[in-house]
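Here is a protein chain to read feature by feature.

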Amino acid sequence: MARTEITALFLMFVSSVLGAITTVLVAGGQPPVSMVLPATVVSAAAAAPDVDTESTKNASDAEAADAKVNEFIDPDTVLNAGKDWPQWGGTRVRNNVPNVENLPESWNIGRFDRRTGEWDNEKAENLRWYAELGSQTYGNPVVANGKVYVGTNNGAGYLDRYPSSVDLGCLLAFDQKTGDFLWQHSSEKLITGRVHDWPLQGICCAPLVEGDRLWFVTSRGEVRCMDTEGFYDNEDDGAVQGETARVADLMDSGEGSEFEDSLAQLNDGKLTDALRKKLADAGSEAGDDIKIETLAPNKSWKATGTFGGVERELAIKQLGPRISIFKSLGVHDKKDADVIWVFNMMDELGVSQHNMCSCSVTSYGDLLFVNTSNGLDESHINLPAPEAPSFICMNKNTGEVLWTDRSPGSNILHGQWSSPSIEVLGGVPQVLFCGGDGILYSFKANEGKDGKPELLWKFDCNPKTSKWVLGGEGTRNNLIATPVAYEGLVYIAVGQDPEHGEGEGHLWCIDPTKRGDVSPQLAVKMEGSKRVPIDHKRIQAVEPEEGEAAVDNPNSAVVWHYSIADQNDDGEIDFEEEMHRSCGTVAIKDDVLYIADFSGLLHCLDAKGTPDGMPIVHFTYDMFAQSWGSPLIADGKVYIGDEDGDVCVFEFGPENNEPIEEINMGSSVYSTPVAADETIFISTKDKLFAIGLTED
């Protein structure tokens, strides 16, 4: 990990101001508590001068000027219109609170036969349409310009050339009004396997849509820009022209197989029946006018003629134990995506994602911000690419990388799957990045200088004594959720990979106008009567048995912190009175905050807390099933799903602590409900539903 940055002022006062530390991103540690320290440390901490007021006050006029950029659409416009929901969280602020009206509080999806998939719609209510998704879906729906986009796997098998038995990462586009399938972007699995591209997980991010352009991150570690119209506009747009696409494969099944015969026939300028069948099954039936040209005997051929009723030139290659056939995508391939540009982070930046590359990108003007997902290998100990960046800024129009940052460095705990947020805070445009070390970083949201960003502040979201333990048994957490900005403050919860199970969590409210290390605590080591700042350590930032201590940071940006709250004042902390690990992102409206944790508790709090920095908890509600997603606040209601497939519907407000409805969706709801144009869109494990008031 990159060494913790310490300002010159901290260095000047190293004997009295505690050094900065960067924390690991692991799940739920204990809430920060005052430690019993040697008297010399206590007195030194009390005497520690505050950071220079110039570094903690609001931004200067010059900084404020940087906040003005030419955005495609202002976040307030998106929220107030309630017509589109064009990225994860709707806007770069990531607060899922669209101004959408006429939403149902109750619906019924009917019944689906688990064996045949047949739909019995006799009892269906307020269901406008549904569409098939893959067998596992973790992507959140995005709604823009009459289309709905969802990331999933290939279980639906919409493309003939990729039957459902072929594992892919898929971004699907549907018609917003009818649910009709429009096009699919297909990401073949990386040959490195589950260390980089976990089986059946598909595309786990949500895209960003602006006009006729769409950006997303593939499971292969690519940032891609797409034409939202696909090839329906009869144009192959962008720098990527005639993208190569796999059509079919014929596998070698041994001596005397169709494979050997097909190689020989290709060398003689002929297509065997076996190859013709493969082409027909893939929707590219070969006509009678096919000509085969041998480019390299037994290795490479060119086929020209009519395939699927279209004049084409196909490439045929022997690739190990298979004969593979490829085509160039173009205007005749309506069901395929039209790619504008591609940037491969693994090839170009040396990134090595852990299990999955997943980031829901966002933009600010012409700038595109991406979490690279750089992480550990399958040992969960070794970091293959410690020098690779964790966070990058690109030109959204060209794909050019403007700056990179590797602040978490070698202290990445696991993977980095969170998504960035952007807001003008204290007059300064800030992009918030959740580091793989459990630290929330804020950079100035601009083009940077000499390929590097300007770090504004960093906030360690874990107690310094918390410890990372393989498999989730420890108390140090990752940051899986997305930061949310609301009325000048920033909110973030800690969590871990859901496979690591439940654990203690933390929810933070942060003042983003401070600068430098604004963590709740700082890490020091006692050397005689002096305390010396220590560099951040991946497993445990502070080891008391080594003479190290965590002391309160005089420059802390904590507004309030929620980990436990004795709501019934009985002197004991019950299960329902704890904040647990969370994958979820907060949603806030009228100072009322909702967040679900991985233990299945929906927490409702006051977004501002008390003047003395304590959280105000209105209620918690136990859904009795793990929750991976985030709440939707819309039309006076709150919607939240869980792993059992139930969506709880609450009347909005701190006094409404019981759901008015609990509706089962037929399979797990790992995603977040979104709302646009008087419709709720929910992606379950295997289906996409459009829910709205109907005449019936």
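This is a predicted model: local features need pLDDT of at least 70, side-chain atom pairs count only at pLDDT 80 or more; totals for chains, interfaces and linings use all residues.

Q: Is Trp-301 buried or exposed?

A: Buried means under 20% relative accessible area, exposed over 50%, partly exposed in between (1.4 Å probe, protein chains only). Trp-301 counts as buried because its relative accessibility is 1%. Trp-301 belongs to strand β13. Helices (H or I, at least four residues) and strands (E, at least two) are DSSP runs, numbered from the N terminus.

Q: Which residues is Trp-301 in contact with, leaving aside its neighbours within four places in sequence?

A: Contact means heavy atoms within 4.5 Å. Among them are Leu-263, Leu-266, Ile-292, Leu-314 and Ala-315. Ala-315 is 14 residues from Trp-301 in sequence, yet 6.1 Å away in space, C-alpha to C-alpha.

Q: How do I read the sides of a helix? Which residues of α7 are buried?

A: An α-helix has 3.6 residues a turn, so residues three or four places apart point the same way. In α7 (residues 273-281), the buried residues are Ala-274, Leu-275 and Leu-279. They lie on the same side of α7 because they cover an arc of only 135° around the axis. That arc is taken from the directions from the helix axis to the C-beta atoms. Exposed Asp-273 and Lys-277 sit on the face turned away from the buried side. The cover over the buried residues of α7 includes α6 (258-267) and β13 (300-307).

Q: In what order do the 4 strands of the open sheet run?

A: Two strands pair if DSSP finds at least two bridges between them. The order is β37-β38-β39-β40, with antiparallel pairing. β37 (632-634) and β40 (661-664) each have a single partner strand, so one side of each is left without a neighbour in the sheet. β39 (residues 646-651) pairs with β40 over 4 bridges. Cys-648 stands opposite Glu-662 in β40.

Q: Where is Asp-635?

A: Asp-635 lies in the loop between β37 and β38 (637-641). Its phi is positive, about 55°, although Asp-635 is not a glycine. Asp-635 is partly exposed, at 29% relative accessible area.

Conventions. Residues are numbered from 1 along each chain as its sequence is written. Side-chain values use heavy atoms; hydrogens and water are left out.
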